[in-house]
Amino acid sequence: MKRYNVLFLCTGNSARSIMAEAILNRKGAPQFIAYSAGSHPKEAVHPAALKQLGDAHLPTDGLRSKPWDEFSKPGAPRLDFVFMVCDNAAKEVCPVWPGQPMQAHWGVPDPAAVAGTPDQIARAFREAYLMLERRISLFLCLPLASLDSLAIKKEIDRIGHE
């Protein structure tokens, strides 16, 4: 069975990309290994993202905000897919990933940008989590071994609009 390395990119790598990493590592194991990174990573993972992952019974050990260039250094895993989960490329800095991985934009509203009551913030993180979980579930249903590159690209782009 082929194993696929997937990188989720976002600006701060503290919420959306971290949640996506945790979701795919749970739902896609052992065929998929997920990573996350940011163009301008925060100092730490957002506490509400960790709480949402805990509420979903997903492990959070080892999750950390890190720069995307860690994945361009010698010895970094060879990436098969790169998904940019920043919501609006016109408003956020989403790095363009050079090289061979298949890429798609899966914009998700930034829950870390929500200001409000604790319940409103928790709801924003839950909604982002559910959107990511749905897209990752659709991605995992793709028959990657039987699709050509053009068909895969079309499907991963379509998923970004789900």
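A salt bridge is taken here as a side-chain nitrogen of Lys or Arg within 4 Å of a carboxyl oxygen of Asp or Glu. On that basis, a search of the whole structure, which is a predicted model, returns 11 salt bridges. Disulfides, by contrast, number zero.

**Cysteines**
- C10 takes part in no disulfide, and the nearest cysteine sulfur, that of C86, lies 5.4 Å away.
- C10 is buried, with a relative accessible area of 4%, whereas C141 is exposed at 64%.

- K51 and D55 form a salt bridge in which the closest N and O atoms are 3.0 Å apart.
- The two residues, K51 and D55, sit four positions apart in helix α2 (residues 47-55), so about one helical turn separates them.
- K51 is exposed, at 52% relative accessible area, while D55 is partly exposed, at 47%.

**Salt bridge between R64 and E70**
- R64 pairs with E70, and their closest N and O atoms are 2.9 Å apart.
- R64 is partly exposed, with 41% relative accessibility, and E70 is likewise partly exposed, with 27%.

**Salt bridge network**
- R158 and E162 meet through their side chains in a salt bridge of 3.1 Å, N to O.
- Salt bridges with shared partners link R134, E155, R158 and E162 into one network.
- Within this group, R158 has a relative accessible area of 36% and is partly exposed; E162, at 33%, is also partly exposed.

Terms used. Residues numbered from 1 in each chain as written. Predicted model: local features only at pLDDT ≥ 70, side-chain atom pairs only at ≥ 80, totals over all residues. Heavy atoms only, no water. Disulfide = S-S within 2.5 Å. Buried < 20%, exposed > 50% of the residue type's maximum accessible area, 1.4 Å probe, protein only.
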